[in-house]
Amino acid sequence: MVTPEEFTSRTFDYVVVGGGTTGLVVAARLSEDPSVTVGVIEAGEWHTNVPGVDIPGLAGSTLFNPNFDWAFPSVPQKHANNRVIHQTRGKGLGGSSTINFGAFHRGGAHEYDAIEALGNPGWNWQEFLKYLKKVETTAPVPATAKPEYKLASPDPKWHGASGPIHKTYATHIAALHVPFGDAFNALGVPRNADPYDGNNAGIMAMYVAIDPKTATRSAAANAYYEPNAGRKNLVLLTNALVSRIVFETGSQPLRATGVEFLKDDKKYVVSVKKEVILSAGALQSPQILELSGIGSKEILSKHGIETLVDLPGVGENLQDHPYVPTTHEIDPSNDTLDFVWDTPEVMPQHLELYKSQKGFLTSPASAVYAFVPTKYFAPNSEKIEKWKAMAALSVEEAPPALKKQLELQLKWLLDPSSGEAELIPYPGFFLGSALKPVPKSRYSTMMCSVMHPFSRGSVHISSADPKAPPTIDPNYFSNPLDMELLLAVLKFAFKVYDTSPIKETVIRRTAPAPEEGTSDEALVEYIKGNFGCVFHPVGTASMLPREDGGVVDPELKVYGTANVRIVDASILPLEMTGHIQSTVYALGEKAADIIKKHYA
């Protein structure tokens, strides 16, 4: 790491804006060539030796902390009682890979193929699989795993063996893992032994991004940057906020010549020879484009910014997974994480256990996940027909740029092999709820989420001041079909808790409390008052044809520019089933190859 004066004294071949999950992948891969120079500008710090980052069982403890989390608010959500919904984004080297819950999962093959079908040759399942494997080193099944966990040995056809990110099955699995799997199975949801082969529907055990040798989080900072930090041609500047991309006056297409940033309230400009690579994430890459004069002319002029490229797709098409929890009190003999708040004096014992790589701190809380096609949570065929009609109407009424996306979503909604909902059993009382747990009681919480929301939101600058947070409007439930689906998923979760062998351990449901009402209307009000998002924002700089609202082309180059690329989740045009971490890493790997090939 260097001072801003040292950083700006150099002219870099590439300047990467954002040292997050994808930014560090691209920087590491480009700097493999000693003849090129790569500068990385990160707004946060390099968080080293921080228990909340390194220890898997403490995942989530850094959320809302401004040192680690941008903690952006949404605007009040008009379809959800005007609630403001927290938008977590990782702040610091490694970005969200340092603060997430570790799940290392893939979308379905049909979702990767859809990216190509929307106008992006070479962006398909087979191509992604190559990079998904390149990212990872897969550990064998832990020796401590019990046969009833049904953990599949990794098939090298689907799993990587020599990548920077380590992935392993959890070594500590809560006691309810097996009965939850059995309950889903009893309701017809099939087991999926290896959901990494392009078919990711069913009940599964999920890999997590943990180095099994050390029982610590495996993330972009310690996997992609730290081993390469000694490279003379890779230069990192932290605690510096990028304010805009600087372009050559009058160039057509626009040619970036540098990046302007703020450090300790002073303004600096670093020069670039080849490219600016924007990797600030789905909520901040659009902000930087707009501050630089690229975006909707109407929005830019409102803030007094000269329009250099009128690109209305910037900041549009925002999607995320909405979720709502349901909590049940269970038999107190169960192994849950409620002791963390209930009997905190036990925590020192677990910290001691962790030193020998034992106990709950070695793993994230949840180990069993279910990705459920519509046919399992639809109450009847009449309801499916209603949803089909609502989705078809959404397609019919959509603007031309969105129509192609919604046609795919309609197809998936009716596909018996497409996971349209995710359910995650959490072993304890989930403290995100406004309710309070009863001391000495034990709980189980189910996170219920919709995978392909039909609603679309936006993120735009709120001011020409780069320090001002963007205006984020996910527009949750603007399409009423999303509420219909989330309501059905919540009711399916009730059914899981009422199915053996889980049923035998349940004492009562605490959220939503039965006394609050059991009608659909009452449950909708519960959802509006208690839902959140899963922190998987995508789509705000979509890789699509320009006429379809696209911001980047299949080479990830921003339309209207000669040498600005975007490499982060903002370019994914559609939300994916499950957790996007591994997909985003693979995106960074593929982007690095595209750039290398361009200059070969």
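Start by selecting Pro-501, which sits in the loop between α15 and β24 (506-511); helices (H or I, at least four residues) and strands (E, at least two) are DSSP runs, numbered from the N terminus. The peptide bond joining Ser-500 to Pro-501 is cis, with omega about 5°.

Before you go on, a word about what's on your screen: this is a predicted model, where local features need pLDDT of at least 70, side-chain atom pairs count only at pLDDT 80 or more, and totals for chains, interfaces and linings use all residues. Residues are numbered from 1 along each chain as its sequence is written, and side-chain values use heavy atoms, with hydrogens and water left out.

Now grab Pro-253, in the loop between β13 (241-247) and β14. Here a cis peptide bond links Gln-252 and Pro-253, with omega about -5°.

Next, show helix α15 (residues 480-497) together with helix α16 (residues 520-530): their axes come within 10 Å and cross at roughly 100°. (Axes are lines fitted to C-alpha atoms, for helices over the stretch in contact, and angles run from 0 to 180 degrees between N-to-C directions.) That makes α15 roughly perpendicular to α16, a label for angles of 65 to 115 degrees; under 35 is roughly parallel, over 145 roughly antiparallel, and the rest oblique.

Time to zoom out. Colour domain 1 (1-100 + 219-319 + 457-476 + 537-600) and domain 2 (139-215 + 322-450 + 477-530); the bounds come from an automatic or database domain assignment. Their C-alpha centres lie 30 Å apart, and the contact takes 29 residues from domain 1 and 33 residues from domain 2. Together the domains bury about 2300 Å², 61% of it on carbon and sulfur atoms. (Buried area is the accessible area, with a 1.4 Å probe, that two parts lose on being put together, summed over both.) Pick out Pro-56, Leu-574 and Thr-577 in domain 1, which lose the most area to domain 2.

How many salt bridges cross the interface of domain 1 and domain 2? The rule finds one, where a salt bridge is a side-chain nitrogen of Lys or Arg within 4 Å of a carboxyl oxygen of Asp or Glu.

For your last stop, select Lys-467 and Asp-265, whose side chains meet in a salt bridge (2.4 Å, N to O). This pair links distant parts of the chain, 202 residues apart.

Key: Contact means heavy atoms within 4.5 Å.
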